[in-house]
Amino acid sequence: MDDHASTAVAASPARRIEPSDDMSPFEAATYFFNESAERCKLPDQMREVLASSYRELAVQIPVTMDDGRVQVFRGFRIQHNGARGPYKGGIRYHESADLDEVRALAALMTWKNALIDVPFGGAKGGVQCEPGLLSQTELQRLTRRFTAMISYIIGVNRDIPAPDMGTNAQTMAWMMDAYGQKNGYTPGIVTGKPIELGGSPGREEATGRGVVICAARSAKKMGIDFAGATVAVQGFGNVGYWTAHLADELGAKIIAVSDVGGGTYATDGLDLQALGEHREGSMSVSSFAGGSEVSNEDLLELECDILIPAAIESVIHGKNAERIKAKLVVEAANGPTTPLADKILNERGITVVPDILANSGGVTVSYFEWVQNIQQFRWDVEHVNEELEKKMNLATDSVFERSEKDGTPLRAAAFDIAVERVAHAAHIRGYV
Ligand code: NAD
């Protein structure tokens, strides 16, 4: 192992604690896991294994900036559990990416991959930086150095990164190239690559497509007609953009969208084509002439059938959960609802489709991409979308059925299915 790399394993936080807004992302993820472990009656040793990460790597990334200065960034790759297959999870470039956040996201990946039933364990990576302030050459140097630093623990059959917030297909192309310099042509080392380099058709829009399939299926089960339903989407990046577009294609009325600069809304529905063109100019959607300005906070409280948070975590919390008016909340972002808000929404009878189900379309098509790389055979986009739809519908149905059978909210049902699958795999491997 490189001198600059350090490994440590987090201790698992205390077991039964009251939900609150003050929980760190990892405490929140562990809270949902512990509740599930209790319901599933997991033995103590199994709980201990599943409540903490298997491996955590923190690295220093010195980067020569365009002006000749050297700036040092912190990077992380955390592998939570690999009982069901190689570790899999995105790489986030964001100023708040730290050990705790990446640890939480790695654990969520374990549960997500088990729930959607792809043969992967869970991992996540992050670099603490503001990608918007870095040039393309700085980003490329940062990415190559980070890839070299984590190359000891990733691999086609070990751990396969993908894009997340602040990273994209270009980032994955650089990662593949940096890894390939040492290991030879290895397209299966990352997913979410450009199509020309072995990426899968349909991957770019896959998370949003999965969100829409899941939202439409959930709406139908609740007696809401998706075609004609009013939808507010927070976030207009990869996930929010595609979610809004594909929901619009199915006839839903997108009444509001937002980005970090604020939001725009129109009670009769936004013209998404024009909004997309407005965004091309790197303008915030908040200045879109076809809608009225709305803040990110107020967007969440708009009157609508379906609310889709698709930006950052903890935006629905104890202070605004009482004011959410949507009938259905579909978590396209990871961790947008704090444990306290989750409790309040449940008590108010608002249905929450949890992140580990709603946004699992991305990792599902990442799995298809990995399969295509290994087979060296390209699927067509129709086949990718058809298989994605099958998997999303199957998982959505299984969560609703479990929820009905056990009388639990959808998040509890989703966690229980996932936790049982991972615990069973760990057990039959003889790991615990
Ligand atoms: P992205 O970087 O493409 O877009 C993020 C969006 O959120 C942008 O519109 C940005 O302006 C907005 N945003 C950033 N900070 C904000 C703030 N403080 N308030 C309001 N909006 C803000 O990221 P993405 O890939 O679309 O990811 C969004 C969420 O979806 C994240 O939680 C991510 O973990 C999750 N997710 C992404 C994927 C994927 O395939 N990209 C898969 C699963 C889950």
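These notebook entries follow what I looked up in this structure, which is a predicted model.

**Entry 1: the ligand**

I began with the residues around the ligand, of which there are 21, and I noted that Arg92, Thr207, Val239, Val260 and Asn334 come nearest. When I sorted this shell by class, I found 9 nonpolar, 8 polar and 4 charged residues.

For Phe236, a backbone N or O atom lies 3.0 Å from an oxygen atom of the ligand, and for Gly237, the next one I checked, the distance from a backbone N or O atom to a ligand oxygen is 3.1 Å. Gly166 also has a backbone N or O atom at 3.3 Å from an oxygen atom of the ligand. As for cover, the ligand on its own has 830 Å² of accessible area, and the protein covers 82% of it.

**Entry 2: the largest cavity**

Rolling a probe the size of a water molecule over the atoms shows where empty space is left. How many cavities of 30 Å³ or more are there? I noted a count of 2.

The largest cavity has a volume of about 250 Å³, and I found it lined by 21 residues, with Pro25, Ala28, Ala29, Glu313 and Gly335 lying nearest its centre. Which helices each supply at least two residues of this lining? I wrote down helix 1, which spans 25-39, and helix 3, which spans 99-116. By class, the lining of the largest cavity holds 9 nonpolar, 6 polar and 6 charged residues.

**Entry 3: the second largest cavity**

The second largest cavity holds about 40 Å³ of space. I listed its lining as Phe26, Ala29, Thr30, Phe33, Leu50, Ala51, His80, Ala107 and Trp111. Helix 1 and helix 3 are the elements that give two or more residues to this lining, and the largest share, 4 residues, comes from helix 1. In the lining of the second largest cavity I counted by class 7 nonpolar and 2 polar residues, with no charged residue.

**Entry 4: Ile308**

I placed Ile308 in strand 11, which covers residues 306-309. Is Ile308 buried or exposed? Its relative accessibility is 1%, and because buried means under 20%, I put Ile308 down as buried. I also checked its distance to Pro336, which is 28 residues away in sequence, and found the two C-alpha atoms 9.6 Å apart in space.

Most residues other than glycine have a negative phi.

Ser314 has a phi near 55°, a positive value in a residue other than glycine. I found Ser314 in the loop between strand 11 and strand 12, the latter at 328-330. With 38% relative accessibility, Ser314 counts as partly exposed.

Gln376, which is not a glycine, has a positive phi of about 50°. I located Gln376 in the loop between helix 12 (361-375) and helix 13 (381-406). The relative accessible area of Gln376 is 65%, and since exposed means over 50%, I recorded this residue as exposed.

Key:
Residues are numbered from 1 along each chain as its sequence is written. This is a predicted model: local features need pLDDT of at least 70, side-chain atom pairs count only at pLDDT 80 or more; totals for chains, interfaces and linings use all residues. Side-chain values use heavy atoms; hydrogens and water are left out. A residue is near a molecule or strand if one of its heavy atoms lies within 4 Å of it. A polar contact is a pair of N or O atoms within 3.5 Å; within protein, one must be able to donate a hydrogen and the other to accept it, and residues adjacent in sequence count only if both atoms are side-chain atoms. Accessible areas come from the Shrake-Rupley method with a 1.4 Å probe; for residues, only the protein chains shown count as cover. Ala, Val, Leu, Ile, Met, Phe, Trp, Tyr, Cys and Pro count as nonpolar, Asp, Glu, Lys and Arg as charged, and the others, Gly among them, as polar. On a 1 Å grid over the protein atoms alone, a cavity is a set of points where a 1.4 Å probe fits but cannot get out, and a pocket is an open set with protein on both sides within 12 Å along at least five of seven lines; lining residues have an atom within 4 Å of a point. Grid points are joined across faces, edges and corners, and a volume is the space filled by probe spheres set on the points. Buried means under 20% relative accessible area, exposed over 50%, partly exposed in between (1.4 Å probe, protein chains only).
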